[in-house]
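Here is a friendly walk through one model, looking at helix packing and charged pairs. Please keep the structure in view as you read.

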Amino acid sequence: MFNFSGFTQKANTAINLAVETAENLGHTYIGSEHLLLGLIKEGNGIASKVLADYGVSGDEIEDNIKQTVGVGTPTVLTPNDFTPRFKNILEISAVHAKALGHSYIGTEHLLMAILSEKSCWASDFIRAFDVAPEDMLEKLVYTSNLMSSDNNNNHYY
């Protein structure tokens, strides 16, 4: 398991689930679509809860990935296999965290970054659920601020 500095445990879990998902699907890279599925599979973070609230299903996302990208023989991947877009999403998530005054990067910031990235598989898959990215982004910001004030910045999410 890889551990990324500055990210919450739940965000680290989601990123590692993205790696695992790409490996299991036999892909030779780790992209935004894998991160989206990792956020859903993580199951307890703000991103997972907001995606569920909007009806974004892990099974449907995985089916879309299989149909769009395909399936191969399981692989072994590392963070060196992150696509440039995936790396950009990680960087944008840090910008979102900082803009909200958070000293950590959580699952919500990763999803905010995906929603900010208009031309990636993950945002395309989200839009396929008839979700307006702006609405989801607004809910993420609201929920993130609510959770951080409720927990006095203890970051249990």
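This is a predicted model: local features need pLDDT of at least 70, side-chain atom pairs count only at pLDDT 80 or more; totals for chains, interfaces and linings use all residues.

## A buried glutamate and its partner

E117 is buried, with a relative accessible area of 12%. The side chains of E117 and R85 form a salt bridge, with an N to O distance of 3.1 Å. This pair joins distant parts of the chain, since E117 sits in the loop between α6 and α7 (121–127) while R85 belongs to helix α5, 32 residues apart.

How exposed is R85, buried or partly exposed? R85 has 35% relative accessibility and counts as partly exposed. The cut-off for buried is under 20% relative accessible area, so E117, at 12%, falls on the buried side.

## Where α5 meets α6

Helix α5 (residues 84–99) and helix α6 (residues 107–116) have axes that come within 8 Å and cross at roughly 115°. That angle makes α5 roughly perpendicular to α6, and the crossing of α5 past α6 is right-handed. On the α5 side, the contact is made by I89, L90, I92, S93, H96 and A97. On the α6 side, H109, L110, M112, A113, I114 and S116 take part. Sorted by class, this contact has eight nonpolar residues, four polar ones and no charged ones.

How much of α6 is covered? Nine of the ten residues of α6 are buried. They are T107, E108, H109, L110, L111, M112, A113, I114 and L115. Among these buried residues, H109, L110, M112, A113 and I114 also belong to the contact with α5.

## Where α1 meets α2

Helix α1 (residues 9–24) and helix α2 (residues 32–42) pack at an angle of about 125°, and their axes are 7 Å apart. At that angle, α1 is oblique to α2. As α1 passes α2, the crossing is right-handed.

Which residues build this contact? From α1 come K10, T13, A14, I15, L17, A18, T21 and A22, and they meet H34, L35, L37, G38, L39, K41 and E42 of α2. By class, the residues of this contact divide into eight nonpolar, four polar and three charged.

## Salt bridges within helices

Side chains of opposite charge can pair when their charged atoms come close. How many salt bridges does the model contain? The count comes to four, including the E117 and R85 pair described above.

Another of them joins the side chains of E62 and K66, at 3.8 Å from N to O. E62 and K66 are four residues apart in helix α4 (residues 58–68), so about one helical turn separates them. K66, at 35% relative accessibility, counts as partly exposed.

R127 is partly exposed, with a relative accessible area of 31%, and D124 counts as partly exposed at 34% relative accessibility.

Note on methods:
Residues are numbered from 1 along each chain as its sequence is written. Side-chain values use heavy atoms; hydrogens and water are left out. Axes are lines fitted to C-alpha atoms, for helices over the stretch in contact, and angles run from 0 to 180 degrees between N-to-C directions. Helices (H or I, at least four residues) and strands (E, at least two) are DSSP runs, numbered from the N terminus. Angles under 35 degrees count as roughly parallel, over 145 as roughly antiparallel, 65 to 115 as roughly perpendicular and the rest as oblique. A crossing is left-handed if the near helix is turned anticlockwise from the far one by less than a right angle, and right-handed if clockwise. Contact means heavy atoms within 4.5 Å. Ala, Val, Leu, Ile, Met, Phe, Trp, Tyr, Cys and Pro count as nonpolar, Asp, Glu, Lys and Arg as charged, and the others, Gly among them, as polar. Buried means under 20% relative accessible area, exposed over 50%, partly exposed in between (1.4 Å probe, protein chains only).
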